[in-house]
Amino acid sequence: MVKGVQQAAEVTALVEVDWLLQSVPLIHRRTLYKTVTERVLAHGAVAWCLEPTVRIARKLSTIQRPFLLAISGAYRTTSTAALQVILGIPPLHLQLQREARGTALFRLRLPLSTNISDNDPSEIEEKATGWSTHPSEHLSPTQISLDDGGNINTGLRIYTDGSKTERGVGAAFCVLTDVNITHRWSTRLSLRNTVFQAEILALLKAVEHAVSLPTQQLTILVDNQASINSAANPKSHNSIARKIFKLLHSHPHIRVSWIKAHAGYIGNEEADRLAKEAAETENFPETPLELPKSFIKTFLRHKMLATWQMAWDDGDTGRLIHNLIPKVSLHPINWTRNEVLFFTGHGPFPSFLHRFNLAETSFCSCGEIGTPIHYATVCLLTTSYHMAPPSQQHQPIWFRRVANNSTSRRKIHNLLHFLQRETSLFRPDPN
């Protein structure tokens, strides 16, 4: 009686899952979880999830698990850790901790322990808000141009550039009078700074240099449109761009124009050379600059992934999936539900169902134990779906090869569809 109720409940659950899988694609189910469920749970996380306890981590895992099952369509006995890796969804307590730390640094400006970041919040780039000047004040249309200024070959011209290599970040500008370079400036930034920061800093220094010169018509030529757009915006969130806007507004004789990079212009090539030289010279004079939010966000993401990877390597569950996916990632493994059932081993297989008293025996009707690899390689009832069987010691390698081969995975998908459609065919007659 109890076994019959269990089987009926299992069938009902599978019907509900099948309806969900047919009505909402996996990518949309995952998106709904990330944009709705996770956002609700993240509310106020900075107050309680900066350093989550084991108790909080377990509670959050309990909350997350039903959503992982619904997204993947896996059997409810499947390991939570395995589902997280398959779907590219990190443990909920790690995701919320990452967001809480970001909020503490960016918005609350709270210092965190050195194992999180070796930087004080005051060293992190702060988002500027509001107008940099009165809304009625704006730059002259002739001061900012996104048209190629390569045809400007007379008068005083200042070329700027920024560069980032594996060794560092550099910013530079040079002054060109007719065909002669009369002034050069360059500096090195921290490797943690961005190319945009180097470009916008070079533009600021070029404008400051132009302001110090006798009043004359001059043009600053920049090969980065993003820095020009930021400098021309009185509501820019970048503090350096706001300084540039104020200087240009008070000195209308200074023009800023975009120029095509690496097009053979002498000034542009020289500025590029100076920036790269500064970036690759370790003892070059360095200009301290606030760290960009992108660096801190990347740092926190890598920190979370490292913690998740350690837990995945040292875990006790999901070892079959660990053999197939040893490295965690925020990108989902594009497996169908049938592929998830096959590779986890938690599916319509007598060997699995018997473990949970959902089948009378672990044997297939052909007389052998009904394991996933049995149906994929040797079962007499599934010959049209067979692949070459591996030896016992090479089974882990066989699973990895099948998981990494799209043709083999398609065959597995069809095999599982056949097993689920013809369930009674694979159950031995108890009589």
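Let me begin with pLDDT, which is the predictor's confidence in each residue, from 0 to 100, and with helices and strands, which are DSSP runs (H or I of at least four residues, and E of at least two) numbered from the N terminus. This is a predicted model, in which local features need pLDDT of at least 70 and side-chain atom pairs count only at pLDDT 80 or more, while totals for chains, interfaces and linings use all residues. Residues are numbered from 1 along each chain as its sequence is written, and side-chain values use heavy atoms, with hydrogens and water left out.

For the chain, the mean is 88, with 91% of residues at 70 or more.

An automatic or database assignment gives domain 1 (2-121 + 300-316), domain 2 (144-289) and domain 3 (337-425), and the C-alpha centres of domains 2 and 3 lie 63 Å apart. An unreviewed UniProt entry lists residues 152-280 as "domain: RNase H type-1", though such annotations may be inferred rather than shown by experiment. That range is 41% helix and 29% strand.

Turning to helix α4, its 19 residues (54-72) should span 27 Å at 1.5 Å a residue, which agrees with the 26 Å between its end C-alpha atoms; the expected span is 1.5 Å times one less than the number of residues. Its buried residues (under 20% relative accessible area, 1.4 Å probe, protein chains only) include Ala57, Leu60 and Gln64. After α4 comes Gly73, with a positive phi near 75°.

Key:
Buried < 20%, exposed > 50% of the residue type's maximum accessible area, 1.4 Å probe, protein only.
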